[in-house]
There are 4 protein chains.
Amino acid sequence: MSFQNPVFIPGPTNMPEALRKAVDMPTLDHRSPLFGQILHPALAGVKKILKSETAEIFVFPSTGTGGWETAITNTLNAGDKILAARNGMFSHRWIDMCQRHGLDVQVVETPWGAGIPADRYEEILTADKGHEIKVVLATHNETATGVKSDIAAIRRALDAAGHPALLFVDGVSSIASMDFRMDEWGVDIAVTGSQKGFMLPPGLAIVGFSPKAMKAADTATLPRTFFDIKDMAAGYANSAYPYTPSIGLLNGLNMACGMLLDEGLENVFARHHRIAEGVRAAVRAWGLELCAVSPDIYSDSVSAIRTPDGFDANKFVSLAAEKYGVAFGTGLGEVAGKVFRIGHLGSLTDVMALSGIATAEMVMADLGLNIQLGSGVAAAQDYYRGNSANSAKAAA
Amino acid sequence: MSFQNPVFIPGPTNMPEALRKAVDMPTLDHRSPLFGQILHPALAGVKKILKSETAEIFVFPSTGTGGWETAITNTLNAGDKILAARNGMFSHRWIDMCQRHGLDVQVVETPWGAGIPADRYEEILTADKGHEIKVVLATHNETATGVKSDIAAIRRALDAAGHPALLFVDGVSSIASMDFRMDEWGVDIAVTGSQKGFMLPPGLAIVGFSPKAMKAADTATLPRTFFDIKDMAAGYANSAYPYTPSIGLLNGLNMACGMLLDEGLENVFARHHRIAEGVRAAVRAWGLELCAVSPDIYSDSVSAIRTPDGFDANKFVSLAAEKYGVAFGTGLGEVAGKVFRIGHLGSLTDVMALSGIATAEMVMADLGLNIQLGSGVAAAQDYYRGNSANSAKAAA
Amino acid sequence: MSFQNPVFIPGPTNMPEALRKAVDMPTLDHRSPLFGQILHPALAGVKKILKSETAEIFVFPSTGTGGWETAITNTLNAGDKILAARNGMFSHRWIDMCQRHGLDVQVVETPWGAGIPADRYEEILTADKGHEIKVVLATHNETATGVKSDIAAIRRALDAAGHPALLFVDGVSSIASMDFRMDEWGVDIAVTGSQKGFMLPPGLAIVGFSPKAMKAADTATLPRTFFDIKDMAAGYANSAYPYTPSIGLLNGLNMACGMLLDEGLENVFARHHRIAEGVRAAVRAWGLELCAVSPDIYSDSVSAIRTPDGFDANKFVSLAAEKYGVAFGTGLGEVAGKVFRIGHLGSLTDVMALSGIATAEMVMADLGLNIQLGSGVAAAQDYYRGNSANSAKAAA
Amino acid sequence: MSFQNPVFIPGPTNMPEALRKAVDMPTLDHRSPLFGQILHPALAGVKKILKSETAEIFVFPSTGTGGWETAITNTLNAGDKILAARNGMFSHRWIDMCQRHGLDVQVVETPWGAGIPADRYEEILTADKGHEIKVVLATHNETATGVKSDIAAIRRALDAAGHPALLFVDGVSSIASMDFRMDEWGVDIAVTGSQKGFMLPPGLAIVGFSPKAMKAADTATLPRTFFDIKDMAAGYANSAYPYTPSIGLLNGLNMACGMLLDEGLENVFARHHRIAEGVRAAVRAWGLELCAVSPDIYSDSVSAIRTPDGFDANKFVSLAAEKYGVAFGTGLGEVAGKVFRIGHLGSLTDVMALSGIATAEMVMADLGLNIQLGSGVAAAQDYYRGNSANSAKAAA
């Protein structure tokens with residue numbers, strides 16, 4: 001198994017050496033006082049990264065999908081109405097989960113490549129005079145299409161409609177990579193995982209609950225035990241878990257928060273933007289287009305790149321892996337075969353990004369696309385040279 | 001944080017060096033063909049360790065608790081009737097989970113320290129002419145009390161009653177440490193985790209479903225998504241997961257199975273029995289008693305030791321940690337304050353066990369118990385000397 | 001400290017994950033039988049990599065410099081005459097060492113950028129009728145200039161002159177990266193280290209002694225203890241060392257040999273040639289020249305690239321480190337300030353090499369050199385695309 | 001290969017987790033400024049641990065044996081006279097090295113088990129009116145016999161004799177474990193290694209030179225290159241090495257110094273004394289005797305234990321390894337077969353020590369010695385209980 005090249009999937013990301021070492025911890029008694037010295041700073045760190053003063057943070061041995069389930073099962077009752085937009089595979093899956101749990105989802109079908117239409121949300125919420133909609137879902141960053149949605153606009157839509165619904169945001173591929181403001185945007189539940197902006201191995205669902213969401217948990221009757229936040233909160237009060245926690249990953253989470261906060265969140269976001277801009281410059285130089293339909297919704301954590309009609313984008317991903325040992329992301333769902341994705345989040349430098357761009361060029365040339373070798377690299381180099389933030393100081 | 005001494009909690013266990021290194025893996029694309037080369041051998045290895053020819057194995061980024069939830073939500077409908085014995089904290093918790101999910105549990109209250117009364121199960125099952133009981137729960141090894149129950153006897157009870165209920169077994173602290181025979185005992189769902197007999201960090205729920213249990217999943221309506229085995233099975237068919245798997249832990253699981261099978265399961269069990277017998281010899285030498293009421297139900301993975309009346313066993317655990325840096329298990333639930341526990345499962349040698357026994361002696365003496373220093377050590381030494389299986393060949 | 005980018009120094013190299021883990025070993029008693037199970041296969045592996053049937057291998061806790069000292073102090077007497085060519089910093093240093101130890105070195109001054117002049121060696125050896133020259137030194141690969149010399153030609157020079165001098169070869173930056181044939185070329189002592197072709201951390205001097213060199217050790221009187229091969233040989237006979245060995249590094253050496261031999265030495269050499277050819281294609285595309293004066297002496301482990309007159313090549317190395325976090329090699333000695341070096345040995349893929357080439361382009365542009373961004377990358381891509389040996393199968 | 005049990009050899013020691021991780025570093029360019037940020041604090045840390053204000057510290061990729069060679073070759077000329085006592089295998093080896101390098105050693109033969117006779121040194125030095133003796137050697141802690149010598153007394157001997165000889169001290173198994181005062185004792189060269197009190201893997205020779213020793217290096221003519229301190233000093237002035245340094249080990253050394261100084265040297269020494277006292281209590285309880293003839297010379301880093309006449313102590317070490325997977329030290333040289341050794345230095349707790357004591361009891365009983373199982377353990381427990389320094393705070 002070769003681990004020499006960086007990965008360019010949109011998570012799990014490349015991991016900093018220090019975080020791998022933090023996770024690789026000898027056995028520590030999770031009922032000893034030492035555990036609290038890991039747990040509480042980790043929770044506090046996540047809270048800062050969510051930019052929240054009031055959220056309660058819960059971390060489950062699970063994944064972002066488990067975070068979605070945590071959100072809905074702790075706040076809702078069977079038959080409750082939900083509003084959601086479907087604009088990619090991950091928004092689709094959350095909707096599907098809600099339906100499986102007996103919730104009534106009003107789906108706003110949205111082009112894959114577009115952001116969540118806040119104006120449609122506002123119309124629907126305004127029309128919902130009886131406030132039957134209990135929760136509004138929003139996928140902050142659609143990992144499948146590389147599209148960022150405007151959560152502040154959704155909050156404005158709720159406010160304009162005077163609607164009391166809870167706002168749940170999937171920030172799996174945005175939090176800790178792109179700007180996220182839980183309190184300012186009035187987010188009631190934020191969901192993320194360990195393997196994206198936190199640059200850790202997969203294995204943690206990380207959720208933040210606003211006081212309003214906590215209150216909803218008092219009356220929610222959807223069945224839950226593993227993902228029950230009340231059990232978790234009771235445990236935390238004793239520096240413990242209701243079951244065996246993923247101690248090493250929590251230790252890593254604590255250190256990841258420290259690294260990100262030391263770097264400064266705005267610097268973290270700027271770093272992601274800078275790496276992403278280089279990739280996008282390369283895409284333009286290739287004469288290709290992003291799946292994301294306009295610059296204001298370009299994701300800084302992943303770019304989905306449309307390949308020419310008739311070209312099977314899956315072949316790109318396979319050949320890159322087989323011939324060059326480099327992992328890119330495939331297209332999913334509606335855009336399967338039509339896009340390939342370059343993940344550019346987590347522990348990545350401009351130098352690493354250039355190797356991904358160079359590989360993509362070779363693969364496209366190998367597959368007969370009319371790509372000039374070095375063209376995307378040159379465009380990215382030009383951008384990186386002029387926008388250096390001293391990459392050596394990036395997350396180590 | 002000191003990691004010098006072994007831990008004597010009943011999981012997470014001490015970890016072999018090789019497994020820590022297997023888990024600490026650089027980022028690997030979980031959608032690449034390489035992932036299948038980890039996943040499938042890991043699943044096949046677990047199946048062998050369960051001694052099953054027919055089970056389907058599912059591994060979730062979760063814990064044993066998530067395994068319990070997987071078992072019930074994939075096979076049952078709200079209101080379904082379940083039979084279970086409560087003889088310790090972990091059987092209690094599974095019962096509690098069932099009730100939270102709207103199941104109707106007939107609880108056989110059993111002394112904490114006794115095994116599951118197979119005869120009572122038989123009576124109840126025989127009386128259930130309408131076969132309303134859909135599932136029988138059994139905790140193979142009660143981690144809270146150090147009590148092993150006879151699963152074969154429960155199977156005989158079901159058969160004697162001619163009852164078609166499914167048999168679900170919690171083998172979290174028995175599987176891969178003590179004899180477990182899924183097919184021979186007619187177990188329909190076996191549940192375990194990564195951090196006990198598999199000697200890995202916590203973070204995996206490992207479950208095996210019999211064909212009969214798989215069939216129940218076709219009609220079960222309890223809501224589930226994260227723990228849905230059909231999604232998981234569909235993923236496995238493509239060497240994939242419905243979400244991001246815990247790749248490093250799966251790599252570790254694959255290697256752990258290899259190590260255990262290379263050692264030979266009977267040798268693994270004999271090794272655990274041997275270490276446990278030394279600990280029990282020490283307990284006898286101290287003049288103390290196990291929580292487990294008779295030798296036939298002594299657990300080979302954990303011993304719960306009753307302290308004299310009036311003695312607060314919690315102080316034992318605290319002082320051992322504070323003064324000697326050694327982690328033992330506390331008493332839980334009904335036996336809180338009345339027992340302390342020595343975990344002796346996973347990667348442990350007689351030499352390590354002796355250090356735990358010696359520490360326990362110091363702590364008891366420090367707390368005023370009438371313990372002769374060295375007495376338990378001598379009893380264990382005597383046993384280990386005469387029953388050496390060349391500990392150097394034990395799991396490395 | 002950032003470890004995200006690959007290094008492009010000519011050693012220590014990028015390390016495969018598996019070798020790092022092999023080196024990072026818990027404490028093992030170096031006087032236990034287990035140690036022999038590491039030592040002997042490691043020695044046997046090195047012997048195969050040297051392509052020798054007869055050499056005795058010695059591994060010291062030291063570096064290549066210690067290997068040079070081992071070679072001379074174990075075979076020579078004060079005042080002995082030596083023949084050596086000086087064509088770079090490392091040949092210079094070995095000559096200097098000989099002089100410090102009281103040896104009489106006849107130095108063939110050779111342009112830095114040229115290989116060892118075998119014809120001059122032949123003239124001198126032929127003229128040495130009295131066979132006063134005891135040893136001929138040859139630096140197989142001058143790391144400072146990226147120049148490979150023809151050791152077979154030097155052997156032919158010795159043979160043509162009918163001269164019995166011993167032939168000592170510094171293969172520090174060639175062995176395990178480029179073809180080396182100890183027996184076929186009649187090499188009497190081969191010297192290397194752990195941190196180049198073996199892809200390990202620094203800390204080992206690795207030497208091979210021919211039977212003829214072993215015999216010389218019987219009468220050599222230069223003082224030595226730490227580097228005494230007789231003590232070492234006596235130790236090895238008991239699977240031991242005369243002092244505490246670097247156990248982890250030896251474990252890594254054993255595994256490194258296994259990896260290299262599994263890949264196949266000819267494949268290893270072809271891989272290095274391929275990566276090097278891509279780098280050289282980039283250099284040509286930039287319109288720059290190598291320090292090495294002709295293609296037959298191009299090194300496959302390191303390229304020294306001449307920068308235009310008036311340009312301070314040291315600035316290149318500094319800026320690459322500061323601005324992009326990438327390490328290249330500086331010029332040393334006579335070529336200080338005139339060249340920068342790209343190390344392309346050890347655990348490196350074409351994809352990694354492209355990131356180094358791309359970085360070099362940015363740095364040169366930043367420093368005002370007339371370099372077209374992407375030009376070297378394109379040339380290398382073109383080469384790598386057409387000469388893919390499935391890099392994913394390279395040393396992992 | 002089993003790494004489950006602690007080792008009880010007198011080095012390499014058990015290693016703290018944090019130091020292993022510090023050593024296991026990705027490749028870092030040793031010519032980059034980052035290297036200086038490791039090197040200089042490491043040198044400063046060693047200086048503090050030597051309790052010197054004026055020493056220059058040099059660290060070689062080598063071992064303590066290389067440190068001995070550094071000491072003599074950098075300060076002496078062939079034929080120079082040296083005074084040394086031989087009271088164990090390691091003092092013997094240093095004497096032997098001096099002789100091989102053409103030095104004239106006046107050997108004070110001393111019983112193995114006794115300390116260096118400072119009074120004999122004084123007589124000889126007083127008699128040496130011409131000050132022909134250039135250097136006095138002293139092995140601070142004879143690892144072979146577990147004997148500590150009184151370096152302050154040797155300094156007094158030199159002073160009483162008014163003799164200007166340099167004082168070289170082998171502190172390989174004392175420094176960082178037992179009190180060592182370079183300046184106060186007037187030590188001119190102190191020699192140690194990485195794998196004892198510094199709790200690191202082997203691979204470093206660590207030496208401190210007083211100003212007087214530095215001056216001697218100006219005129220010393222013994223041949224040397226690898227171990228030349230002037231080259232090393234010149235390198236350090238540029239934050240560099242004359243060859244490739246062991247970067248990971250230096251990183252570990254830096255952290256080890258930090259850990260030791262954070263704990264406080266006096267606490268480190270007290271911890272070693274405490275662990276050693278427990279072991280000695282066990283030896284007394286067994287009715288055995290130490291090789292060291294009186295309590296004032298008992299070593300706190302290793303105990304050599306005499307076995308009864310006719311008993312082959314080597315069998316003890318073999319059986320402990322084979323049957324119990326535990327490494328003890330054998331007897332060396334004159335005491336081979338007569339003693340076994342328990343190393344109790346480095347990263348060790350009382351709990352770990354008890355497992356070693358318990359193992360020793362089992363082995364002795366297995367080999368037919370009249371040992372009461374548990375007796376030594378009880379004696380050590382009794383001591384540790386009453387002298388707890390909160391072992392959990394020991395080096396982690």
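This is a guided tour of a predicted model, stop by stop, with what to select at each one.

Residues are numbered from 1 along each chain as its sequence is written, and chains are lettered from A and ligands numbered from 1 in the order in which they are written. The model is predicted, and local features need pLDDT of at least 70, side-chain atom pairs count only at pLDDT 80 or more, and totals for chains, interfaces and linings use all residues.

**Stop 1: chains A and B**

Select chains A and B together. Their contact takes 45 residues from chain A and 46 residues from chain B; two residues are in contact if their C-beta atoms, placed from the backbone, lie within 7 Å. On the side of chain A that touches chain B, the elements giving two or more residues are α3 (64-73), α4 (89-100) and α9 (247-263) of chain A. Helices (H or I, at least four residues) and strands (E, at least two) are DSSP runs, numbered from the N terminus. Colour α3(A): four residues, the largest share of that side, come from it. By class, the side of chain A that touches chain B holds 21 nonpolar, 18 polar and six charged residues. Here Ala, Val, Leu, Ile, Met, Phe, Trp, Tyr, Cys and Pro count as nonpolar, Asp, Glu, Lys and Arg as charged, and the others, Gly among them, as polar.

The same surface serves both copies, as 100% of the contact residues of chain A recur in chain B.

**Stop 2: the two domains of chain A**

The assignment gives domain 1 (17-262) and domain 2 (264-393); domain bounds come from an automatic or database domain assignment. The centres of domain 1 and domain 2 of chain A, taken over C-alpha atoms, are separated by 28 Å. Between them, the contact takes 25 residues from domain 1 of chain A and 24 residues from domain 2 of chain A. On the domain 1 side, α4 and β6 (147-148) of chain A are the elements that give two or more residues. That side of domain 1 divides into ten nonpolar, twelve polar and three charged residues.

**Stop 3: the seven-stranded sheet of chain C**

Move to chain C and show the strands. An open sheet of seven strands runs in the order β1-β9-β8-β7-β4-β2-β3 (chain C), with mixed pairing; two strands pair if DSSP finds at least two bridges between them. β1 (56-61) and β3 (104-109) of chain C are at the edges with a single partner strand each, so one side of each is left without a neighbour in the sheet. From one strand to the next, the twist averages 20°. Within this sheet, select residues 133-139 and 166-170: these are β4 and β7 of chain C, which run parallel and are joined by five bridges. C:T139 has C:D170 in β7(C) as its bridge partner.

**Stop 4: the four-stranded sheet of chain C**

Another open sheet, of four strands, has the order β10-β11-β13-β12 (chain C) and antiparallel pairing. Strands β11 (residues 302-306) and β13 (residues 339-343) of chain C pair over five bridges. Pick C:S303 and its bridge partner in β13(C), C:I342. Axes are lines fitted to C-alpha atoms, for helices over the stretch in contact, and angles run from 0 to 180 degrees between N-to-C directions.

**Stop 5: α9 and α10 of chain C**

In α9(C), select C:L260, C:L261 and C:E263, which meet C:L265, C:N267 and C:V268 in α10(C). This contact has four nonpolar, one polar and one charged residues.

**Stop 6: backbone details**

In chain B, go to the peptide bond from B:G11 to B:P12, which is cis, with omega near -5°. B:P12 is in the segment before α1 (17-23) of chain B. Last, select B:K51, which has a positive phi of about 55° although it is not a glycine; B:K51 is in the loop between α2 (33-49) and β1 (56-61) of chain B.
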